Amino acid sequence: MALSFSCAASLLTHPGNHGKNQQFRGKIQTLVEESGIPSISSSSPPYESLRRGNWVKLICGASFEDVIDIRNLSLVYALAGVDCIDCAADSSVVNAVNEGIEAAREIVPLRKPWVMISINDDEDLHFRKAEFDPEECPADCSRPCEMVCPANAISLKKGGVIKERCYGCGRCFPICPYDNIRGHSYIRDASSTCQLLEQDVVDAIEIHTRARHVDPFYKLWNILAESISHVKLVAVSFPDVGDSTVSAMHMMYSIMKAHLHCYNLWQLDGRPMSGDIGRGATREAIAFALHMAAVSNRPHGFLQLAGGTNSHTIDSLKKVGLFQKMSAAGYSNGRMSAANAAGLPQALIGGVAYGGYARKIVGRVLNKMQSQHGISHIEDYPEYLLEALIEATNLVGPVKCYKLPTHL
């Protein structure tokens, strides 16, 4: 059931608003507690969500580096009960995620979601930035690039592309009437990633690969292998490359196996960075899920959808019979041997990662807050936090099967 909430603007910094603040905070706590969002005392570890098929990951964006928004997004989605928060492999971004999580846990004693960093082994759509020289733009240009950007990352008044906000979706490239906008691709520095991993501030890592050639993956893994001893999950994200998909996955697993002492996950990347476009954007992810479900020799590890995922994804999974459909074969990693011995089944599709759509629905609330109050911590304005949390739980809830209260 979708919740609705009308947010009336107010000046919460005024002392007279203390009672109102407490009222909103009470509603936030009620929403979290009555929905069944995992608490510290009652929850199972995140990997159990993968086994059951109700895992949810928030994708902040491999190239999105606006630390204020990332902190606020992490706070909201931690309250909504996500299992993992995926972000850029940058220390300031990781710190923002962890700060947001801890701020959420000060409001309600929640289970801590895993923090994941994303890197790439070669050129990848997720690792690029738009760039152009605003001096080359005619004064009478209607600036369609500013209007089409889903991240509000283009402003000619602010010098063109706001680098920390651009996550490389590419929607501005074809719309420029003067063909001035280009994409700058980059590869995350592997040695810096190792240093970040060794600081013990992240729980998981995701490697983006094109899966057509495993040589770049092999080279990157050999650099990372000695630095992942403490991580709880290693994920590999890749597109469907047809008949060679499964063989590539088996080859990548054989490369990882010797140093893999944790769970592993395959992110099935349907239509990258498109979940906010509309209903149809999720079709490729569903098609990828059907492809993998039909494979008899599926590779070792959990499967998770991404790329074009949005509010229609779970309904689409249900229509094809894959939502929380269980397989008799459990996870065979040693860390799950007890579960296997107990005969516990494993979901064919472990869960869903939400990126552009998740950021969009909460971003609308953040934009409203910032337009009135400037750059802010969302917990300082509880009426906006409640509105954002309702949006987030309406997205996460169908995966987690929450019982959302209707009396807020």
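**Entry 1: Glu48 and its partners**

I began with glutamate 48, which counts as buried at 13% relative accessibility. I kept in mind that this is a predicted model. Next I looked up its partner: glutamate 48 makes a salt bridge with arginine 52, and the closest N and O atoms are 3.9 Å apart. That pair passes because the cut-off for a salt bridge is 4 Å.

Where do glutamate 48 and arginine 52 sit? I found both in helix α2 (residues 46-52), four residues apart, so about one helical turn separates them. Arginine 52 comes out as partly exposed, with 32% relative accessibility.

**Entry 2: Arg165 and Asp69**

Arginine 165 forms a salt bridge with aspartate 69, and here the closest N and O atoms are 2.9 Å apart. I placed arginine 165 in the loop between β6 (160-161) and β7 (182-185), and aspartate 69 in helix α3 (residues 67-79). The pair therefore ties together parts that are 96 residues apart in sequence.

**Entry 3: Lys112 and Asp203**

My next stop was lysine 112, which forms a salt bridge with aspartate 203; their closest N and O atoms are 3.7 Å apart. Which elements flank the two residues? Lysine 112 lies in the loop between α4 (91-107) and β3 (114-120), and aspartate 203 in the loop between α6 (190-198) and β8 (204-208). This pair ties together parts that are 91 residues apart in sequence.

Lysine 112 is partly exposed, its relative accessible area being 29%, whereas aspartate 203 is buried at 11%.

**Entry 4: The tally and the confidence**

How many salt bridges are there by this rule? I get a count of 19, and the pairs above are among them.

The mean pLDDT of the chain is 90, and 90% of its residues reach 70 or more. Two stretches I flagged in my notes. Over residues 1-16 the pLDDT stays under 50, and the model has 37 contacts for them beyond four places in sequence. Residues 333-342 also have pLDDT below 50, and this stretch has 16 contacts in the model beyond near neighbours in sequence.

Note on methods
Residues numbered from 1 in each chain as written. Predicted model: local features only at pLDDT ≥ 70, side-chain atom pairs only at ≥ 80, totals over all residues. Heavy atoms only, no water. pLDDT = per-residue confidence, 0-100. Contact = heavy atoms within 4.5 Å. Salt bridge = Lys/Arg side-chain N within 4 Å of Asp/Glu carboxyl O. Buried < 20%, exposed > 50% of the residue type's maximum accessible area, 1.4 Å probe, protein only.
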